[in-house]
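Hi there,

Here is the structure I promised to send over. Have a look first, and then read on for what I found in it.

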Amino acid sequence: MIDRSRVTKVSDEQSGSWTRSGGSYQLVFDLGHQIKDKPPVIAVDEIVKIMLRSHEPGLTLPSVRVSGRMRRTLGSYTPTKKLISISSRLLALGNDGDIREVVLHEVAHAIVHSRWGERPTAHGKEFRSVCQEIGAKPRRYVDVSTDDWDSRIRYLSKCESCHVSIVRKRRMKSVRCACGTKLYPESWFTVAPDQEGAADEWVRI
Ligand SMILES: [Zn+2]
Ligand SMILES: [Zn+2]
């Protein structure tokens, strides 16, 4: 079991800020929600590593890039950088099977490029044969149901006075914090529940 109190404390020290209160300065901690910058990629890096070890040992790829910009695209492979990118939304909101299917699809592109260079067409016979070899669906698209994603996405802002995180279903023009302060947030972070964290922890997507 993870010692949550210790994890929280480390994070508090990092996010603490000095605020002037009356005549003295006071250290203010965010004791509210923790927020991660992006979903972790350790699990997907592991899938890539295992696949390459058994099917293309000569090829090494850098760590998977998490992209917050991908909306309709869930994954991509950039041959010039040998880089697999995966949508942060997929990592935060997709199920393990969907994530694995998208990662395998991009690994197949990487292997095709490693074996045949630029010659094959994107989803041609070489691609389909590699998919069969590594256990990916030999298709142009990966079917991922994103129907419930929107309903699970939240928006997060910080209170200017007490520094706690405020999480809402919509980006609102104004919001009242529990401390009584009325806020007019200029921007909201788009977040999803942190699947590895506690119930009220969030990850940016
Ligand atoms: Zn493709
Ligand atoms: Zn407040």
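Helices (H or I, at least four residues) and strands (E, at least two) are taken here as DSSP runs, numbered from the N terminus. On that basis, the protein chain has six helices and 12 strands. Please keep in mind that this is a predicted model.

For the overall picture, 24% of the 205 residues of the protein chain count as buried. Among contacts in the chain with a separation of 6 or more, 49% are between residues 24 or more positions apart.

Now to a helix pair. Helix α4 (residues 96–116) packs with helix α5 (residues 125–134) at an angle of about 120°, and their axes are 9 Å apart. On the α4 side, the contact is made by L104, V107, A108, I111, V112 and W116, while α5 brings E126, F127, V130, C131 and I134. Sorted by class, that contact has 10 nonpolar residues, one charged and no polar.

The strands are worth a look too, starting with β7. Strand β7 (residues 154–158) runs antiparallel to strand β11 (residues 189–193), and three bridges join them. Here L156 stands opposite F189 of β11. β7 also pairs with strand β8 (residues 165–168), again in the antiparallel sense, over four bridges. In that pairing, Y155 has R168 of β8 as its bridge partner. The hairpin of β7 and β8 has six residues between the strands, and H163 takes a positive phi near 65° there.

Best wishes

Note on methods. Residues are numbered from 1 along each chain as its sequence is written. Chains are lettered from A and ligands numbered from 1 in the order in which they are written. This is a predicted model: local features need pLDDT of at least 70, side-chain atom pairs count only at pLDDT 80 or more; totals for chains, interfaces and linings use all residues. Axes are lines fitted to C-alpha atoms, for helices over the stretch in contact, and angles run from 0 to 180 degrees between N-to-C directions. Two residues are in contact if their C-beta atoms, placed from the backbone, lie within 7 Å. Ala, Val, Leu, Ile, Met, Phe, Trp, Tyr, Cys and Pro count as nonpolar, Asp, Glu, Lys and Arg as charged, and the others, Gly among them, as polar. A residue is buried if 20 or more other C-beta atoms lie within 10 Å of its own, exposed if 12 or fewer, and partly exposed in between; C-beta atoms are placed from the backbone. Two strands pair if DSSP finds at least two bridges between them.
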